[in-house]
Amino acid sequence: MNQTLTWKTKLSFGMGAFGKDLVYAIVSTYFMKYLTDIRLVDPMIVAVLFMAARIWDAFNDPFMGMIVDNTRSRWGKFRPWILIGTLLNAVVLVLLYLDVDLPASQYAIYVSVMYILWGMTYTIMDIPYWSMVPALTDDENERSQISAIPRFFASMAWLVVGSGGLYIVKYFGSGDQILGFSRFSIAVAIIFIVTILLTVFNAKERVVATAGTGEKTTIKGMIRVLAKNDQVLVVLGIALFFNMAYQLSNSFALYYFEYVCGVKEALYATYTGVAGIAQMAALAVFPSLSKKVNKSVVFIVSSLLPVVGFAALLVAGYVAPTNILLVGVCSAIVNAGIGFMLVLVTVILSEAVDYGEFKLGTRNESIVFSTQTFVVKFAGAFSGFIAAASLDPIGFVPNQVQSAGTMTGMRVIMILLPAVLSVLCLVVYKRGYRLTDKFYHHIIAVLHGEESRVQGE
């Protein structure tokens, strides 16, 4: 079968990532600070909420993957759930930022329920969305491109929310931040629905299992798929450390630039704006780069760029903390690596799907990709808890000038921890990932019936 995808399909699939990452960005970037600094919710309550919600949500992911893998419909097994999850999540997003007038204790209960529901409904949509990647094509070059395009649109969404979010809130709210965030969330929800409709109507699955078609995936089968596919476990470790680093620095950036550097809007907008541009640039060149440079080399560079960028940001924070140019350069270095890593994780996880079919005889895209969302959310639980729970121990006081010790603690959270976690990504990859180009090409040839299986691989 001809696996060439039209640009209409590629761009329609990518536009879905723009909408869904607008949603994720408005929550991931602003919600913690919205609660602690605007709604004045106790930081420890926020820390426990973030940890509990993300862990609960993460453990739902493999089961959602099993549900998707067992779905049979004329629309395929992915698109119905993408549409259902989008509609539900858009509604919950609006309720999450709704301007409700409740006493502090009642508001804490309300926002806890909404936040947990937001995560659960996002899962319904997110797992089948990314699970479609290996089902759209099994051509290696096409897959690199179809992995990069949605990441490009996702980075564009983070660019919009990160660099322009505070200004959008100010415009929508005319000085009332609660009203501004409420209206901002409504606009994001509308865009979310429109962009996902493009995905649902224009991107269709093309690659199906060569074995096991029609079999239902059970809980026992799900555990077998995850336990026996050793390469999924390696990718899990990589994705865990990467997302911990990425989400921790991202969730703490507002605090860092406001309280350590002393300039919130200009520096934060510069950092996140350059971040989005750098990620999009990395994603744009990745398909061409992957044809010319060994994947292992790209992975090494992707892991070390954030370390270099964070080291430079640490120095800049002492030497010239308000220098916009230095902040922009540091952000470019960090986020070029992040951009490459975003698409690399998707690519190697897609390869792990093929490896699983090669090794186990069943093709379980949604179960395998549910491990990615599981890890992303577990990492989010970790980073959210660390970011919120550390505020009290380091002596943070909202809307006040911070002590030297508090600012040192913020530097550790924003810069040093993410740098260490980036190094751990590389350690796991070098020690565990074994799908070399030669071995992977053999796997694809076997699945297409073009070669016999080589024993001992």
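Reader: At roughly what angle do the axes of helix H11 and helix H12 cross, and within what distance do they come?

Author: In this predicted model, where local features need pLDDT of at least 70, side-chain atom pairs count only at pLDDT 80 or more and totals for chains, interfaces and linings use all residues, the axes of H11 (residues 295-319) and H12 (residues 324-360) come within 8 Å and cross at roughly 150 degrees. Residues are numbered from 1 along each chain as its sequence is written, and side-chain values use heavy atoms, with hydrogens and water left out.

Reader: Why are H11 and H12 called roughly antiparallel?

Author: Angles over 145 degrees count as roughly antiparallel, and the crossing is at roughly 150 degrees, so H11 and H12 are roughly antiparallel to each other. By class, their contact has 19 nonpolar, four polar and two charged residues.

Reader: What makes threonine 121 count as buried?

Author: Buried means under 20% relative accessible area (1.4 Å probe, protein chains only), and threonine 121 has 9% relative accessibility, so it counts as buried. Threonine 121 is found in helix H4 (residues 104-131).

Reader: Which residues does threonine 121 touch, not counting residues up to four places away in sequence?

Author: With contact meaning heavy atoms within 4.5 Å, threonine 121 touches Gly85, Leu88, Asn89 and Val92.

Reader: Why is helix H15 described as largely enclosed by the rest of the structure?

Author: Eight of the 11 residues of H15 (residues 437-447) are buried, so this helix is largely enclosed; among the buried residues are Phe439, Tyr440 and His442. H15 is followed by glycine 449, whose phi is positive, near 80 degrees.

Terms used
Axes fitted to C-alpha atoms, helices over the stretch in contact; angles between N-to-C directions. Helix = DSSP H or I, 4+ residues; strand = E, 2+ residues; numbered from the N terminus. Parallel < 35°, antiparallel > 145°, perpendicular 65-115°, else oblique. Nonpolar A, V, L, I, M, F, W, Y, C, P; charged D, E, K, R; others polar. Buried < 20%, exposed > 50% of the residue type's maximum accessible area, 1.4 Å probe, protein only.
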